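Biologist: I have the sequence and the structure open. Walk me through how to read strands and helices here.

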Amino acid sequence: MAKAPARAPGVEARAGKFPGPSLIPALNAIQERVGWLPREELVALSRDVRRPLYEIEGLVSFYPHFRTEPPRKAELRVCHDLSCWLRGADERIARLRQRYGTDAEVEFVEGSCLGRCDIAPACTVNEVPVSLDEADAAVAAARDQAFGSHNGHSGHNGDNGDNSKNGHHGQHSPAPAASAITWPNDPYPSAGDRYAVLRAVLAGELGTADIIAALKDAGLRGMGGAGFPAGRKWDLVAAQEATPKYVICNADESEPGTFKDREILATQPYLVLEGLLLGMLAIGAEEGWVFIRHEYGPEEQVIRREIEWLRAAGLVGPDAAGSGKRLSVEVFTSPGGYILGEESALIECMEGHRGEPRNKPPFPGTYGLHGQPTLMNSVETFAHVPVIAARGAHWWIAQGHGDHAGLKFFAVSGHVERPGVYCVPMGTTVRELLDLAGGVAGGRPLSAIQPGGASSNFIGPGQLDVELDFAALQAAGSMLGSGALVVMAEGTDLLAAAVNVLRFFRDESCGKCVPCRVGSSKAHTILTERGPGEQVGELAEVLRRTSICGLGQVALGPVMSVLRLTGRDHEG
Amino acid sequence: MAITAPESTGTVTLTIDGREVTAPEGATIWQAAKAAGIDIPVLCHDERFDPVGVCRMCVVDVGAPAFAASCVRACENGMQVKTGTPEVERSRATLTRLLISDQPPRERDPKQTTTADNELLALADRYGVTGDTGLPCGSGRGVDLSSPVIAVDHDACILCDRCTRACDDIQNNDVIGRSGKGYATHIAFDLSDPMGASSCVSCGECVASCPTGALTNKPIRNIPIRPRTELDAVDTVCPYCGVGCALTYYVDRERGAIAYAEGRDQPGSHSRLCVKGRYGWDYAASPQRLTVPLIRREDSYPKGALSADVRGEMSGDGEVNAHGMADDADAGPREKRKGGKRGRKPGGLVDYAEVLPHFREATWEEALDLVARRLTEIYAAGGPAAIAGFGSAKCSNEEAYLFQKLIRTGFHTNNVDHCTRLCHASSVAALFEGIGSGAVSTTFGDVANAEVAIVTGSNSTANHPVASSFFKQARRNGTTIIYVDPRADKMADHADIYCQLKPGTDVAFYNGVMHEVIRLGLTDAAFIASRTSNYEALAKTVADYPPERAEQITGVPADVIRRVARAWGQARAGIIFWGMGISQHTTGTDNARCLIAMCAITGNVGKPGAGLHPLRGQNNVQGASDMGLIPMFYPDYAKADDPGVKARFEQAWGTADLDPKRGLTVTEIISSALKGGVRGMYMLGENPFLSDPNINKVRKALSALEFLVVQDIFLTETAEFADVILPASSYLEKDGTYTNTDRRVQLGRKVLDSPGQARVDWEVVQDIANRMGLGWHYESPREIFEEMVSVIPSYRNLSYDNLGLTGKLYPNPDPERSDGTVVMFTEKFNTNDGLAHLVPAEWLPAKELPDEQYPFVLNTGRLLEHWHTGSMTRRSYALDAIAPKPQVFVHPDDAAQLGLADGDLARVSSRRGTIELAVKVSHREARGNCFIPFHFREAAANLLTIDEIDPFGKIPEFKFCAVAIEPASVRVDG
């Protein structure tokens with residue numbers, strides 16, 4: 001028996017975190033059984049598993065999925081974030097609140113982005129996504145207990161076995177059929193052709209080093225927002241000596257305006273999972289996880305079904321395709337919160353802690369899940385891997401416009417004719433993408449665009465010809481970010497829009513570090529009560545330079561960009 | 001004690017503020033800067049904890065777009081660090097302003113208005129941040145004043161996680177965490193409960209770590225907490241348990257009182273304290289202190305107990321009610337006496353109003369003359385056998401030494417003992433027999449080096465809280481903890497393997513483990529061959545205890561016994577800690593013999609992380625024993641019945657006719673008194689009435705004494721039987737040395753003056769000695785210490801001058817330079833042949849097994865908040881407020897079967913007595929067992945206990961007797 005190693009240099013302490021297996025599955029199990037988390041159950045859990053009460057409190061109070069009160073018959077949740085706000089969410093919310101606010105059977109919740117910006121204003125009834133027009137009918141059905149399920153996800157986190165029992169997420173929302181649409185990043189002409197790259201690797205016909213080389217040659221960058229070169233990341237994690245290693249697909253996009261991964265999960269689960277499995281083989285991991293946001297119930301179903309298929313086909317299991325390699329893939333349903341999209345917060349959550357981002361370095365590549373080397377990419381990044389491996393880096397590079405390489409999925413929402421997901425060549429201009437989506441709603445003039453999700457700076461109508469790519473958008477003072485284009489027509493109060501974004505960040509701040517926890521709140525109060533002033537600029541700087549993670553660092557960026565755009569930056 | 005980076009010889013070189021700095025690999029920028037003399041401000045960081053990097057005050061520019069938190073960021077080769085650029089400083093100022101905007105105003109800040117060392121306000125001053133930040137102020141999270149000792153101001157909290165880490169990583173109590181999210185995040189206790197209603201054990205480590213006014217000490221006895229600079233800091237040692245934590249009392253000289261206490265760094269305790277040490281010192285300021293010598297009034301004879309409680313009228317035992325006081329008609333308000341049972345509300349201490357009228361005040365001269373005269377008369381009439389003395393493990397080494405010297409040289413008897421008899425006497429007996437020394441073979445802190453630690457018969461989180469924090473911490477760092485105890489108390493929550501054995505089956509358990517260790521070939525054959533004797537006999541005995549048989553006896557599954565054996569046998573270093581659960585049995589010596597054998601056959605003595613550590617109870621039980629306050633030993637365990645020893649001490653003390661035989665032990669003295677043997681007693685700081693088993697017997701014995709002098713700080717139950725009561729000084733009122741469980745000899749320093757005419761104990765002992773014609777001339781404890789050391793080879797080289805602020809471990813070859821010996825017996829044991837003598841033991845059942853009439857097994861012990869007979873702790877505001885009443889702890893299913901709910905009044909009876917007390921339904925008890933703490937005179941557990949003793953250690957079986965429990969509303973006939 002060896003003593004556990006001392007804390008690795010540069011790794012922060014586990015303040016308030018208890019070592020040992022995650023309690024999140026146990027809490028899910030109670031909630032599934034009882035419908036909520038009564039105190040006596042929590043006390044009994046603490047005693048039975050010999051873990052402190054504070055730890056349970058920390059989790060239950062942090063993750064919105066956990067209920068500390070019995071559920072009502074219907075939970076109506078409406079999004080108030082930017083894309084929905086642009087489409088009149090405030091008025092609709094006010095009306096619904098009036099209707100249901102005092103209704104004993106209905107729990108009315110106004111909250112953060114549900115990832116359904118294409119049907120804005122988005123809402124869910126008992127966790128089933130519905131359009132706002134359907135909301136009343138869904139609530140009525142829920143009163144008769146004929147709609148949705150409060151139990152939500154069926155607690156499969158960490159459960160390595162049978163996935164067949166889950167019946168969550170509503171009979172009204174059948175899971176989208178995989179590959180209803182064929183996107184250009186799909187190398188497989190028919191269903192029978194899928195997983196060809198994976199099979200080739202498992203058969204020893206294709207080396208994972210070749211795949212990494214192809215990713216590098218193709219210049220594929222992480223599509224989750226930060227844009228770190230994917231091939232380099234794979235290389236780095238592959239080079240780590242420590243085992244075991246893990247691969248995680250980050251399917252937790254939760255930023256207002258961002259829903260492209262949702263579409264990829266729904267239509268290309270086989271590409272996502274193939275990319276994930278290739279990543280596992282490339283870095284030498286046996287365990288892979290899809291960490292999916294709580295609100296993507298229907299898409300989770302698709303992924304789970306696809307994993308089932310992989311198991312049945314023998315591509316995943318103790319001896320994947322007779323290769324002698326063990327490959328296991330599981331789904332971890334997020335207990336909620338935008339911050340979990342931050343990679344180290346996601347890992348903290350999977351370890352059973354409050355989803356608070358870690359101080360970095362070390363990065364997950366060297367010190368990830370359970371302190372082990374972990375490769376984490378987003379849904380879209382993994383989905384692009386098979387086609388690059390199958391058709392080569394040259395093909396991929398050729399897909400881009402001009403000097404730009406490859407393809408990019410965008411979610412387009414806001415004041416636009418046809419909100420939705422578009423896959424376009426990298427380097428497509430903002431104007432071209434806007435046109436593809438039918439232009440500004442009602443043909444109105446454009447006021448501003450947020451090209452890369454809630455964290456990106458606003459750009460004005462004068463910048464419509466900027467090319468959609470990492471460097472080009474950065475040069476234009478914004479960023480490609482999460483690939484979410486939010487369109488704002490003339491007449492939009494841009495500062496109010498930016499403050500709406502700030503509110504999102506304030507609400508989703510984990511509270512770990514001072515600048516983000518306190519600064520985002522103070523800034524929001526100042527902007528809503530006093531308007532921009534000198535202090536906002538100071539706060540923006542302190543948030544940008546001293547916050548632990550990206551959320552805090554960008555929280556005031558959009559506001560500052562609007563102040564610059566509107567020439568009010570001297571005020572702030 | 002932060003977990004530090006693995007030892008590395010590598011270094012990195014970086015540039016900090018233009019200076020090239022070389023730092024050890026793994027060092028943080030903050031550490032490297034500090035070493036280079038560059039101060040980087042922090043709020044969340046404290047070197048005692050691992051860093052979290054949440055306050056961001058320590059950010060530095062490392063050339064990246066975002067600044068790095070220097071407290072957590074490791075140094076890298078070639079790194080260019082700027083710690084104080086205008087941008088960095090501006091960020092710190094803004095962060096300070098953000099935090100200040102939600103703080104209570106300075107003039108109302110709970111920290112600034114008390115100790116005046118609010119670290120955030122210091123930063124605000126540094127950055128010129130005033131109360132008016134211009135920022136919107138938060139809505140206010142409110143205050144929580146539910147704890148009797150700690151005030152929580154959530155508004156003043158900056159969420160630095162220092163308290164969280166103090167609670168978890170330092171004390172390992174696991175109570176405080178973050179609750180909520182974002183701006184609404186706040187620290188929370190348990191399930192966000194009020195602190196006073198949570199599982200908080202009030203150790204105060206969170207207060208000690210809080211940089212702001214969020215967690216502050218509440219004043220005790222209305223003594224305001226003033227700025228440190230206005231108070232007098234006295235560095236001394238905690239007066240309670242054997243852990244001997246170093247602390248500092250902050251004394252308000254204007255008010256002549258302690259304002260608050262703080263842990264002080266020392267190699268053993270690392271600045272940690274528990275609730276008793278941090279908040280339980282005000283007993284000395286109790287208005288009930290004895291301040292004048294008292295002599296029993298003529299009309300209060302014949303003697304007997306004076307209060308209803310002590311007379312036993314609370315006991316419900318008719319036979320005892322009638323005892324002693326029947327013809328004592330003028331002794332006090334008759335109604336009160338008669339109504340004793342109902343006239344007095346339950347709880348509290350000796351009723352002074354009822355007892356004091358039986359005594360008259362006297363001068364010291366008169367009282368001391370009387371004591372000397374009466375003891376001399378009894379000695380003259382009855383010889384040495386007629387006199388006995390009980391010293392105290394609460395007194396200093398110097399006092400213990402003088403007391404035994406007085407009894408031995410003044411009355412030529414070895415009838416001198418103290419509460420070690422009720423504590424570790426059996427452990428000491430086994431240790432002497434086995435390894436030739438009664439002291440611990442290694443320190444409790446050595447657990448950090450252990451691969452496996454067995455904690456057994458020890459509710460350490462209650463009885464040795466600070467030591468237990470090191471056990472728990474060791475586990476987090478990889479030590480496997482095996483907890484063996486009939487009660488699943490908190491240590492069980494922190495154990496890798498918990499064995500809930502049936503009470504009184506320890507021998508069978510360890511024989512089973514050793515059986516398996518031997519069977520698996522996991523013994524250390526070389527160690528057995530070269531360093532032990534009698535292994536074959538041991539092996540033969542344990543051969544009869546296969547795990548299945550051990551399971552039958554102990555109730556611990558055979559597979560668990562096998563797991564324990566494997567873990568223990570395979571451990572590179574294994575250590576055993578034990579407490580009264582091992583010693584307080586009629587098989588206590590056998591129990592300890594098994595533990596010695598456990599270590600010896602696996603080579604687990606004499607190397608780091610390995611050994612035997614009986615956790616000593618009282619603050620000076622080790623020292624009092626070392627001083628020879630034991631009937632069978634002269635100082636330093638010199639055998640009392642060895643003629644050579646006798647001659648040596650006769651010479652050293654300049655006396656003749658030392659008693660050539662062993663004296664009587666505590667329990668034997670009580671029995672002797674009953675039979676008219678011992679007739680005169682000197683009781684220094686002991687309260688056998690509550691601490692000894694079978695109180696009804698003690699009551700008779702004390703009543704039977706011809707003369708009893710009690711020297712104490714309060715009117716104890718025992719003092720009711722006294723002829724003379726001498727007002728003593730409390731621990732806080734005198735200088736002296738104390739030896740803790742680790743063998744650490746520490747200086748206790750005078751903090752306060754004694755009240756009234758109360759006097760320092762050693763002077764009183766000397767005055768009596770001189771009235772006996774002994775001609776002593778000690779001027780100071782220092783002088784006594786010097787004489788002590790001259791007759792105690794183990795203490796060689798120690799002196800008042802080299803003990804220093806943190807004391808020294810003995811043996812210590814070089815106290816000027818060394819802290820002393822941690823690991824003993826590295827080469828040989830202290831036995832005559834240098835070998836460990838293995839003594840096999842067969843399992844024997846307890847003396848009084850449960851039956852139909854008395855179906856439960858009673859276990860007695862202590863609570864975290866209370867100390868022994870409660871004379872100190874029940875007069876402490878904080879401790880009494882936290883744990884005010886006696887309770888019997890019963891398993892939920894047993895309670896349900898008995899028809900008892902939590903808080904119901906139960907009647908608990910044994911063949912010796914009956915008490916009534918509230919039920920505490922507790923999942924920590926096993927079915928069929930119950931637990932009663934023995935601190936509470938109004939429901940004295942020792943009315944129930946049995947006075948059967950261990951044949952070797954003479955220790956009573958406090959941990960096992962048969963009782964019946966029933967709802968108290970069902971009245972028993974009579």
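Biologist: How many residues of strand 5 of chain A are buried?

Modeller: Note that this is a predicted model. Buried means under 20% relative accessible area. In strand 5 (residues 246-251) of chain A, six of six residues are buried, so the strand counts as mostly covered.

Biologist: Which residues lie on each side of strand 5 of chain A?

Modeller: One side holds A:Y246, A:I248 and A:N250. A:V247, A:C249 and A:A251 are on the other. Both faces are covered.

Biologist: Which sense, parallel or antiparallel, does strand 5 of chain A take with strand 6 of chain A?

Modeller: Look at bridges; pairing takes at least two. Strand 5 and strand 6 (residues 287-292) of chain A are parallel, over six bridges. There, A:V247 has A:G288 as its bridge partner. Strand 5 also pairs with strand 8 (residues 374-378) of chain A, again in the parallel sense, over five bridges. A:N250 stands opposite A:S378 in strand 8 of chain A.

Biologist: Now chain B. In what order do the three strands of the open sheet run?

Modeller: The order is 6-7-10 in chain B, with antiparallel pairing. Strand 6 (143-144) and strand 10 (215-217) of chain B are the edges, each pairing on one side only. Within strand 10, B:T216 is the bridge partner of B:A151.

Biologist: What span does helix 22 of chain B reach?

Modeller: Compare end-to-end reach with the expected value. Helix 22 (residues 558-570) of chain B has 13 residues. From first C-alpha to last it reaches 18 Å, close to the 18 Å expected. Its buried residues include B:V560, B:I561, B:V564 and B:W568.

Terms used:
Residues are numbered from 1 along each chain as its sequence is written. Chains are lettered from A and ligands numbered from 1 in the order in which they are written. This is a predicted model: local features need pLDDT of at least 70, side-chain atom pairs count only at pLDDT 80 or more; totals for chains, interfaces and linings use all residues. Side-chain values use heavy atoms; hydrogens and water are left out. Helices (H or I, at least four residues) and strands (E, at least two) are DSSP runs, numbered from the N terminus. The expected span of a helix is 1.5 Å times one less than its number of residues. Buried means under 20% relative accessible area, exposed over 50%, partly exposed in between (1.4 Å probe, protein chains only).
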